Amino acid sequence: MPQMSHAYAVGRVRALERGLLSQAALQRLQNAQSPDEVARLLTELGWGECKTQRDVERQADVQVKRACGLVRECSPEPEITDCFLVKFDFLNLKILLKARLLGVEAGNLSECGVLDVEKLRHAVNDNSYRELPEPFRSVMERIERHIASEPDPLYIDAELDKAMFDLIHRRMAKCGYERVRRYFCARADLTNLLIALRVSAMGRDEEFARVLMVPGGEIDPGQMAQVVSQPEKAGHLVRSKGYFDRIRGLTGVDTLAALEKAADDYALDLIRPERYNPESLLPL
C-alpha cells in the first residue's frame, strides 16, 4: 500500500525519473527527418511500440495518463494536486456537450481527470448533473439553461474555463505552497492576456473580452480587458510580474503561440527548483 506521505511520493518520482528520455535522446528526436523516424527512435528508446505518427500520439496519451495516475495514487494532498488535473475534466465536459449539440459521438475523451469519464458522459447525455460534485454541477446546469435558447460554443468554453479557475482559486486560499499559488495566479493572468489579444484579433471590443476573463489572477480582469483596444498596456500591466522577462515582446496578436509557450516555460520554472526537495509536494 502506498504511504500517504511526501517522502513516499518523492521516492516514487525519483525511481521513475531513471526511465525519462535523456537529453541525448531528445536531441536525436529533434534531428529526426520524418514522423516515421521519430516513431522508430521512440520504439528504440523504450517509449512504446511506435510505427506511425498515430502510434506516437497514442503512446503520448498513454504516458500522460500514467503520469496523472501516479499523481493521484501518490498525492498526500489531493486538494492541491487535483488542481493540476481538473483541466481534463472540464475539457471532457466541453467535448461531450458540443458533441451532443452537434448530434455526433464524442471522441478523444481523457481519463486523466479526477472524475470518471463514463459518469460525465451519462450526465451530459441525460442532461442530469445531480451526481456531479460542485462546481461541476452548478456550472453545467447554468450552461444548459443558456444553450436551451441560444446554443453557443464560445459560451460553453468561457463558462467552463471560469468555473475551473474559480475552483482552483478557492483551493489556493488553503494552499501552503507559495510556488503553487504563484503558478496558478500566473496561469490565470496569462490566460486573460491571451484572451485580450485573441479578442483584439477577432475585432471585438473590451466588453466582449471582459465576459470571457477568468478569475484567480493578480491583475484585475477589467484592466486586462483594456489591452484589447490598447495593446501597449500589456507590458505595463505585467512589468512587475515574475514572468515579465519571459513574455517581453510577445504581447502582439501575431505572437500568440510564442506567448503560450513562454507561459508554459515560466510555470515550469516555478516548480523546477523544488524538484529535489524530499519534504515537499512539488517534486510530484
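I first noted the term buried, which means under 20% relative accessible area, with exposed over 50% and partly exposed in between (1.4 Å probe, protein chains only). I recorded that this is a predicted model, in which local features need pLDDT of at least 70, side-chain atom pairs count only at pLDDT 80 or more, and totals for chains, interfaces and linings use all residues. Residues are numbered from 1 along each chain as its sequence is written, and side-chain values use heavy atoms, with hydrogens and water left out.

Entry on Asp-55. I found Asp-55 in helix H4, residues 53-74; helices are DSSP runs of H or I with at least four residues, numbered from the N terminus. Asp-55 has a relative accessible area of 17% and is therefore buried. Beyond its neighbours within four places in sequence, Asp-55 is in contact (heavy atoms within 4.5 Å) with Glu-49 and Cys-50.

Entry on the cores. I looked up nonpolar cores, sets of buried Ala, Val, Leu, Ile, Met, Phe, Trp, Tyr and Cys residues joined through side-chain atoms within 4.5 Å. The largest has 79 residues, of which Met-140, Ile-143 and Leu-193 touch the most other members. Helix H10 (residues 178-202) gives the most to this core, with 12 residues. Apart from this core lies another of 8 residues, including Leu-29 and Val-56.

Entry on Ile-143. Leaving aside neighbours within four places in sequence, I listed the contacts of Ile-143 as Leu-97, Tyr-155, Ile-156, Glu-159 and Leu-160.

Methods: Helix = DSSP H or I, 4+ residues; strand = E, 2+ residues; numbered from the N terminus.
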